[in-house]
Amino acid sequence: FFCALTFTKLYFLLTILVLGGQPKARGDPHKMISSTISRYACRIIIDRENYDKAFLYAAGFDSVKNIFLGEKATKWMKRNGEMDGLTTNGILILHPNRNTETPFLDSPKNRCPLIDSTLSQELSDEDVPPMYVWREVSVDGDIYTLRETRSSSARGALVPEETNMLQDGTLIDLCGATLLWRTADGLRKSPTAQELEMALDRLNAGKPQCPVNLNTLIIPKKKSSKGGGSRQPYVYLRCGHVQGKHEWGHHALSNGQQSYKCPICLAESERVIQLTMGMESSFHLDSGSLDYAFNPCGHVASLNTVR
């Protein structure tokens, strides 16, 4: 027996603020313009007897309990005679990396050095492991590689060795909204808000220093739109060294892009980003040492969480 949880057709209201331009009759140059974007549904089916097993399927049921697919949606017949298909914009799935033997992440030189800035070294392209791979799930629950474009009529290649069974930490992309799947067991092991604050306090208690400004850095709970001042830590995306805000090594390239040279290892980065603490406890797997950060948002977390 299965308990089916269906996400019906979703509509998201996008609010666009128009700045500048010519004023319109009876209009406001800062007028709020709304646009509704339709999102096709997905289904999550949970085994009643083994409630920790949940499976993702593309498309949902309409008012007469038929699978709803748009007229332009890709459909085909499989070798076993069953029909299958994809929603117009696709339902994408990304499973977390549960490999606990990842030399790249376990090596001290590849940590985001919030306390000891000598741990990080410049990485070559060969040192960087493959990024996580998004897949697309079909109406029948099969897994395919991504289409050439999101709404292409040609489906990707079948990936028979991968499954549509959701794991703790699986991401589901509905083309405009992303769902994070957490299991009951995973949430029980997640830290509380107080435990996250204690982990952040332990990190800031180490008084990490900026090697240029020679001042103490403090990681905030929320990202500041104004930059957070001289005590706000920034991370160089190329090498992972963490420093305060300064102009040393910052210059514009001939193609108009910006370049930031790290004063510690002299590696060139296209961007530096603010480090901040994401305080949503359901996103964290534990309250371990905050030695890592997500690229490109800059949220710090433990090794288990970023995996």
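**View 1. Contacts of Asn213 with Gly244, Lys245 and His246 in the predicted model.** Apart from neighbours within four places in sequence, Asn213 is in contact (heavy atoms within 4.5 Å) with Gly244, Lys245 and His246. A polar atom of the Asn213 side chain lies 3.1 Å from the backbone oxygen of Lys245. The C-alpha atoms of Asn213 and His246 are separated by 7.4 Å, although these residues are 33 apart along the chain. Asn213 belongs to the loop between α3 (193–205) and β13 (234–236); helices (H or I, at least four residues) and strands (E, at least two) are DSSP runs, numbered from the N terminus. Asn213 is classed as partly exposed because its relative accessibility is 33%, between the limits for buried (under 20% relative accessible area) and exposed (over 50%), with a 1.4 Å probe and protein chains only.

**View 2. Trp248 in its loop.** Trp248 is located in the loop between β14 (242–243) and β15 (250–252). Its relative accessible area of 43% makes Trp248 partly exposed.

**View 3. The open sheet β19-β21-β20.** This open sheet has three strands in that order, with mixed pairing. The edge strands, β19 (276–277) and β20 (292–293), each pair on one side only; two strands pair if DSSP finds at least two bridges between them. β20 pairs with β21 (residues 299–301) in the antiparallel sense over two bridges. Tyr292 stands opposite Ala301 in β21.

**Notes to all views.** Residues are numbered from 1 along each chain as its sequence is written, and side-chain values use heavy atoms, with hydrogens and water left out. In this predicted model, local features need pLDDT of at least 70 and side-chain atom pairs count only at pLDDT 80 or more, whereas totals for chains, interfaces and linings use all residues.

Terms used
A polar contact is a pair of N or O atoms within 3.5 Å; within protein, one must be able to donate a hydrogen and the other to accept it, and residues adjacent in sequence count only if both atoms are side-chain atoms.
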